[in-house]
2 protein chains.
Amino acid sequence: MNALEELAESFSRLPGIGKKSASRMAVYILKSDPSFAKNLANELLTLHQRIHPCPHCGAYTEKDLCYICSDPLRDKSLLCVVEQPQDVQTIESSHEFSGLFHVLGGVLAPLEGIGPEQLSIAPLLEKVRSEQIAEVIIATNPTVEGDTTAMYLQRLLTQCNVKVSRLASGLPVGGDLEYADKLTLQRSFRGRISM
Amino acid sequence: MNALEELAESFSRLPGIGKKSASRMAVYILKSDPSFAKNLANELLTLHQRIHPCPHCGAYTEKDLCYICSDPLRDKSLLCVVEQPQDVQTIESSHEFSGLFHVLGGVLAPLEGIGPEQLSIAPLLEKVRSEQIAEVIIATNPTVEGDTTAMYLQRLLTQCNVKVSRLASGLPVGGDLEYADKLTLQRSFRGRISM
């Protein structure tokens, strides 16, 4: 294997990258100015040193506290619970939510040995008890594991005297009824909104 | 922009990589062992030093001569002409061709200022005149530019007293007539094979 094939092989280990795409990426870099490769290499080498989880919410950050937790203008009475650190950025890009976040670090999956202790659930309850939080919005994925985790949290949180909600599940905007699966259609009926 | 977003931004400059894929790749690397990032960075940093075009055929190689040109078992009477260095690897992976290669370095594109002088055409003619080549197989892409370049080469090469051929164009194997475009269908009729 030469250097070009080795690079393509490494790229093909990344998620969603097949052999052909990996090879195309490697050739593109070879044909580009070496400064691009150098820059990319530098970003890769410093990534793990620069990025760490925010100690308050768990989102990825370079600072002591992430830009959301350190923003005095965010609504501290709203807490959005997500599975993964990268979900914070996805929700931020919708510009719909102005509160704070809490990253669980996964979902309950007993078969894989992931119980409540493996997730950031105790810190979540502690936060809800000690801070002035009016509503917890559970934004785990609309999957079996995400729903199970949401229900588990809902039971714990209602004991803390806080409003608990869950992101709506239903037809995606711009989607087509014809292509909606049975479960999504069921959800959209059960969650229908009077107009 | 933090280190994770910078890395995703760099990845999104690669061909075929959208913003979401780029972000997923960056998160994957952050979650992987740092040795993966280090290894990838090292491959990027050494790529341009290690890889250069083979002086004889133009394919990418790390050696003085590429493994094809230096292989005494290859059929030196067959020469396959391709557009790009990476096309050599694509054809090699089919295990169908046992001759040597010649990389043009592109196709004729007068509007972009690419004429015969910008491509490796003079060295090709020199090779055909001085070496014992019986057949030149033109494997430029079946596009307007690829076809034009093939016809241009065919005119020059027939004067060199060498057999000139072109890769067959037609329905892709496993494809469906229903989805074939008009031009491909035309080609498959004109190039039909008696059976």
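This is a predicted model: local features need pLDDT of at least 70, side-chain atom pairs count only at pLDDT 80 or more; totals for chains, interfaces and linings use all residues.

Student: Understood. How many helices and strands are there in chain A?

Tutor: Chain A has seven helices and six strands. Their order along the sequence is α-α-α-β-β-β-α-β-α-β-α-β-α.

Student: Is chain A spread out or a compact globule?

Tutor: Chain A is more spread out than a compact globule, because its radius of gyration is 21 Å, well over the 16 Å that the globule rule gives for 195 residues. The C-alpha trace of chain A spans about 60 × 50 × 35 Å along its principal axes.

Student: And what share of the residues in chain A is buried?

Tutor: Buried residues account for 42% of the 195 in chain A.

Student: Let us turn to the interface. What area is buried between chain B and chain A?

Tutor: About 4200 Å² is buried between the two chains, and carbon and sulfur atoms give 71% of that area. On the side of chain B, Leu30(B), Leu44(B) and His48(B) lose the most area to chain A, together 15% of what that side buries. In terms of contacts, 42 residues of chain B touch 42 residues of chain A.

Student: What about polar contacts there, and which helices of chain B take part?

Tutor: There are 14 residue pairs in polar contact across the interface of chain B and chain A. Helices H1, H2, H3 and H4 of chain B each supply at least two residues to the side that touches chain A. H3(B) gives the most, with 13 residues. That side of chain B divides into 23 nonpolar, nine polar and 10 charged residues.

Student: How many salt bridges are there between the chains?

Tutor: Two salt bridges are counted between chain B and chain A. In one of them, the side chains of Arg50(A) and Glu6(B) meet at 3.4 Å, N to O.

Student: And over all chains, how many?

Tutor: The count over all chains is 12 salt bridges. One within chain A joins Arg187(A) and Asp147(A) at 2.3 Å, N to O. Arg187(A) lies in helix H7 and Asp147(A) in helix H6, so the pair ties together parts that are 40 residues apart in sequence.

Student: Are those two residues buried or exposed?

Tutor: Arg187(A) is partly exposed, with a relative accessible area of 33%, whereas Asp147(A) is buried at 16%.

Student: Which salt bridges could we look at within chain B?

Tutor: One is formed by Arg74(B) and Glu92(B), at 2.8 Å, N to O. Arg74(B) lies in the loop between S2 and S3 of chain B and Glu92(B) in helix H4, so this pair links parts 18 residues apart in sequence. Arg74(B) is buried at 13% relative accessible area, and Glu92(B) is buried at 12%. Salt bridges that share partners also join Glu6(A), Arg50(B) and Glu62(B) into one network.

Student: One last topic: what is phi for His95(B) and Asn161(B)?

Tutor: Phi of His95(B) is near 55°, a positive value in a residue other than glycine. For Asn161(B), also not a glycine, phi is positive and near 60°.

Student: Where do they lie, and are they buried or exposed?

Tutor: His95(B) lies in the loop between H4 and strand S4 of chain B and is exposed, at 72% relative accessible area. Asn161(B) lies in the loop between helix H6 and strand S6 of chain B, and at 74% relative accessibility Asn161(B) is exposed.

Conventions. Residues are numbered from 1 along each chain as its sequence is written. Chains are lettered from A and ligands numbered from 1 in the order in which they are written. Side-chain values use heavy atoms; hydrogens and water are left out. Contact means heavy atoms within 4.5 Å. Buried area is the accessible area (1.4 Å probe) that two parts lose on being put together, summed over both. A salt bridge is a side-chain nitrogen of Lys or Arg within 4 Å of a carboxyl oxygen of Asp or Glu. A polar contact is a pair of N or O atoms within 3.5 Å; within protein, one must be able to donate a hydrogen and the other to accept it, and residues adjacent in sequence count only if both atoms are side-chain atoms. Helices (H or I, at least four residues) and strands (E, at least two) are DSSP runs, numbered from the N terminus. Ala, Val, Leu, Ile, Met, Phe, Trp, Tyr, Cys and Pro count as nonpolar, Asp, Glu, Lys and Arg as charged, and the others, Gly among them, as polar. The radius of gyration is taken over C-alpha atoms; the globule rule is 2.2 Å times the number of residues to the power 0.38. Buried means under 20% relative accessible area, exposed over 50%, partly exposed in between (1.4 Å probe, protein chains only).
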